[in-house]
Amino acid sequence: MKDKKTVYGSIVAELRTKRGWTQKELADQLVEIMPKDTTISPTLVSAWETNSRPVAKKYTQPLCDIFHVSEEYLCGKTLLNNDNLQGMERVKYLETMRKEISYDHLNLYHKKPVYVAFDNMQYEAQWGIVDMGNKCIVTIAHTIPLNAVNKKHMKVYEYQPYYTEGYLHLLAKKMDYRSMMDADKVYVMMTSMDDVVHAMYDGWYTHNLTKTALRNAEGNVLPYAGLGKNFNCYPIQVGDIFRN
């Protein structure tokens, strides 16, 4: 079966923000090198970065050219960035910010949340629940069998995601469409389990002038249609509560 390469929206978001570009600036750069009559909006870039819409194959190479990275890097097949190997920064960040758990001690985390990362990108870095009864880590997208992975490439960290819905509802009620529209300002938290997506998008938003989407100070745009699917809105800054 042919290996299907899919561009990770979170990698696009990470590369864009490292360069200090807005979503519109990235869209404009893509239009410049794409065939004539190509139209790319900031909303489309937002959809890619929040994984609400896949990146079409025709955009893969242009994105590689703009960011000066390989297709393998953009698709999460390698952590090595063609420019300066900054793809390793994410793993190094985890090593400095979280306590690593040895494989021998995983039994102490049975039925508890952990963050698992692979330096060979066998699986995307993400959080999951340890299930030592079945010798696996269950994530939102995969069941990672512990007896079938190369433990030299796997790193597991203590991790209690502050953005999980089970904790948020205790302190703040999610806003519905009407309450979001009535508010001048809302605090957005993405539903993704990817740290990069949260780092890029979580925060305060206001309505755009046409009242079709939310927009933050960095210029990121979240169409209203994503409410409840790609992001949730809250009337208070719930993120800070869990970090304190």
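Predicted model: local features only at pLDDT ≥ 70, side-chain atom pairs only at ≥ 80, totals over all residues.
Local features need pLDDT of at least 70 and side-chain atom pairs count only at pLDDT 80 or more, while totals for chains, interfaces and linings use all residues. Residues are numbered from 1 along each chain as its sequence is written, and side-chain values use heavy atoms, with hydrogens and water left out.

Helices (H or I, at least four residues) and strands (E, at least two) are DSSP runs, numbered from the N terminus. Buried means under 20% relative accessible area, exposed over 50%, and partly exposed in between, with a 1.4 Å probe and protein chains only. Helix H2 spans residues 23-33, and its residues Gln23, Leu26, Ala27 and Leu30 are buried. These residues lie on the same side of H2, because they cover an arc of only 100 degrees around the axis. The arc is that of the directions from the helix axis to the C-beta atoms.

Strand S7 (residues 185-190) is mostly covered, with five of its six residues buried. Two strands pair if DSSP finds at least two bridges between them. S7 runs antiparallel to strand S8 (residues 203-207), to which four bridges join it; Val186 stands opposite Tyr205 in S8. Four bridges also connect S7 with strand S11 (residues 231-234), again in the antiparallel sense. Here Met190 has Phe231 of S11 as its bridge partner.

**Aromatic pairs**

Rings of Phe, Tyr and Trp (its six-membered ring) pair if their centres lie within 6.5 Å; planes under 30 degrees apart count as stacked, over 60 as edge-to-face and the rest as tilted. The whole structure holds five aromatic pairs, including the two tabulated here.

| Pair | Centre to centre | Angle of planes | Class |
|---|---|---|---|
| Trp21 and Phe67 | 5.8 Å | 20 degrees | stacked |
| Tyr177 and Tyr224 | 6.1 Å | 85 degrees | edge-to-face |

Trp21, in the loop between helix H1 (9-18) and H2, is 46 residues apart from Phe67 in helix H4 (residues 57-67), so the pair links distant parts of the chain. Phe67 counts as buried, at 0% relative accessibility.

Tyr177 belongs to helix H8 (residues 177-182), and Tyr224 to the loop between strand S10 (221-223) and S11, 47 residues apart. Tyr177 is partly exposed at 45% relative accessible area, whereas Tyr224 counts as buried at 7%.

**Charges over rings**

A charge sits over a ring if NZ of Lys or CZ of Arg is within 6 Å of the ring centre and within 35 degrees of the ring normal. Lys151 lies over the face of Tyr103, 4.8 Å from the ring centre. The charged end of Lys185 sits over the ring of Trp204, at 4.6 Å from its centre.
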